[in-house]
Amino acid sequence: MYKSDLEIAQECKMLRITEILTKLGLTEDDYDLYGKYKAKINLDVADRHEKNAKVILVTAINPTPAGEGKSTTTVGLADALSAIGKKTIVALREPSFGPVMGVKGGAAGGGYAQAVPMEDLNLHFTGDIHAITTANNAISAMIDNHIHQGNELRIDPTRIVWKRCLDMNDRALRNVVVGLGGSANGKPREDGFDITVASEIMAVFTLAKDLQDLKKRLNRIVIAYDYDKNPITLKDLKCSGAIALILSEALKPNLIQTLEHTPVLVHGGPFANIAHGCNSIIATNMARSLADYVVTEAGFGADLGAEKFLDIKARIAGFKPNAVVIVATIRALKMHGGVKKEDLKNENVDALLEGIKNLEKHIENIKQFNLPYVVAINKFVTDTDNEVNALNKWCEDNNHPIALSEVWEKGSLGGIDLAKKLIEEMEKNPDPDFKHIYDLEDSIKEKVNKICTRIYGASGVEFSSKALNQIKTFEKNGWDNLPICMAKTQYSLSDNPKLLGRPKDFVVTVREFKPSIGAGFLVCLTGDIMTMPGLPAHPSAYDMDVTEDGKAIGLF
């Protein structure tokens with residue numbers, strides 16, 4: 001009988017965070033403690049050191065209900081690198097509270113490869129996401145107050161694009177009416193809530209390089225349009241300074257540790273299928289200044305998270321990644337090959353080989369960026385020798401470097417082969433000629449076409465009349481030189497979540513764009529992407545409790 005992630009985490013003998021900080025060469029003047037096992041590191045720390053660490057991105061195939069274990073592999077790989085003498089830091093996203101309450105699955109690993117303290121990380125942590133929620137809703141309050149006080153900016157209430165937010169899955173808040181109850185309570189208008197991690201404030205927060213850059217990005221946020229359809233920004237509303245103040249403490253990266261005491265910087269967590277799905281540039285750059293190796297991840301598969309990490313985050317941050325790990329499981333590959341979840345325990349080499357086509361496309365995608373890579377097979381106890389041998393043979397026949405990862409069960413010991421294989425591939429190509437999929441000078445349509453055809457494998461792209469009109473407006477406003485952030489289902493390479501494996505001859509339909517000018521990209525919406533999730537029939541919250549002595553139960 002295996003222990004739960006929570007049980008394993010609670011049995012861990014954590015080091016006081018001051019010991020981890022000391023190992024990094026930091027003094028008491030460099031950080032603020034949040035109890036015994038958490039700390040925030042001052043922003044100026046990164047400026048005092050050269051940012052020379054090698055950056056390793058962990059990505060995956062398209063996710064399935066069978067699970068891929070990307071975060072588990074990220075943590076386990078970092079522990080394995082530490083175990084073989086490499087000074088390593090993990091850089092992770094913060095878990096969102098809504099999914100924690102809704103569906104099991106955190107953002108900090110599992111088994112014997114996870115970040116701790118796990119309860120704190122998933123329940124409020126250091127309050128960063130609360131600060132982002134407050135900042136977002138302060139903007140909403142000021143918009144409605146401005147209209148109530150005379151509307152000097154001539155804000156058109158039907159063209160307010162800024163929504164309120166809450167870090168909880170709550171479908172009842174997707175569409176609301178505010179300002180009811182008479183003139184003293186404001187002017188009635190339609191509004192809605194996003195989950196906090198889908199807020200543009202979160203995207204701004206994670207893409208800002210420092211406090212000054214944060215202020216610049218806040219100033220650029222488009223909150224509404226006036227009666228002449230001109231954009232109104234946060235700078236026009238004269239409250240960007242107050243919003244920066246609300247976020248100033250949260251902007252410092254959070255330090256915790258793995259079960260094996262490898263340092264972990266956890267900071268920011270934008271949605272991966274509506275925003276760019278990566279932790280903050282500030283945390284990644286700080287890790288680059290304090291270690292020799294940085295292991296980080298991007299949300300969902302390489303078609304979403306990795307593409308955005310490489311085309312948006314790395315471009316804005318100005319660093320070049322050194323290698324990519326592509327995580328897959330035999331279980332998930334069999335699902336991409338047509339096997340139902342309830343039948344995954346049965347050996348099926350034919351389905352595995354069919355599902356490998358999904359992995360093959362993600363490998364091709366990483367090759368387009370000209371980066372070294374290793375395929376990491378996250379092993380499950382149900383994997384048979386025939387299935388493992390078939391996957392290994394396919395990789396060998398096609399010259400794909402591969403390593404078995406057993407970090408969930410064995411911690412760092414289960415990741416030594418992966419760590420060594422990764423270093424071997426990096427040494428073969430120590431200075432890769434990193435390339436982007438598109439140039440910023442490309443037109444908006446050209447950028448979208450390149451992503452859809454080169455990364456997804458689409459035969460073409462169709463733009464709705466609304467999207468085409470928006471493109472004209474964006475060009476008029478001078479926004480056409482920004483990166484593209486695709487909003488697409490995570491389950492398929494296409495924009496149809498039911499098309500698993502490696503679909504071909506499909507057309508991606510772009511229904512509309514959403515300008516995230518503060519973040520610095522244009523969101524391109526395909527399919528029906530929810531920015532406020534709902535809770536399932538049996539939320540994970542039903543299974544949670546706390547003992548009389550304050551010990552969490554049923555968290556994961």
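How are helix 3 and helix 17 oriented to each other? They are roughly perpendicular (a term for angles of 65 to 115 degrees).

The model is predicted, so that local features need pLDDT of at least 70 and side-chain atom pairs count only at pLDDT 80 or more, while totals for chains, interfaces and linings use all residues. Residues are numbered from 1 along each chain as its sequence is written, and side-chain values use heavy atoms, without hydrogens and water.

**The helix pair.** Select residues 70-83 (helix 3) and 416-428 (helix 17): their packing angle is about 75°, and their axes lie 8 Å apart. Helices here are DSSP runs of H or I with at least four residues, strands are runs of E with at least two, and both are numbered from the N terminus. Axes are lines fitted to C-alpha atoms, for helices over the stretch in contact, and angles run from 0 to 180 degrees between N-to-C directions. In the contact (heavy atoms within 4.5 Å), helix 3 contributes Thr 73, Leu 77, Ala 80, Leu 81 and Ala 83, and helix 17 contributes Ile 416, Leu 418, Ala 419, Leu 422 and Ile 423.

Next, display the open, mixed sheet of four strands, in the order 20-22-23-21. Strands pair if DSSP finds at least two bridges between them. Strand 20 (460-463) and strand 21 (484-487) are the edges. Strand 22 (residues 507-516) runs parallel to strand 20 over four bridges; in strand 22, Thr 509 is the bridge partner of Glu 462.

Of its 47 lining residues, Ile 160, Val 161, Lys 163, Glu 512 and Lys 514 lie nearest the centre. A pocket is an open set of points on a 1 Å grid over the protein atoms alone, with protein on both sides within 12 Å along at least five of seven lines; lining residues have an atom within 4 Å of a point.

**The cavities.** A cavity is a set of grid points where a 1.4 Å probe fits but cannot get out. For the largest cavity, select Pro 95, Phe 97, His 124, Ile 129 and Asp 167, which lie nearest its centre among 13 lining residues. Helix 6 supplies the largest share of that lining, three residues. Finally, select Asp 144, Ile 147, Pro 157, Lys 187, Pro 188 and Arg 189, which line the second largest cavity.

Definitions and conventions
Parallel < 35°, antiparallel > 145°, perpendicular 65-115°, else oblique.
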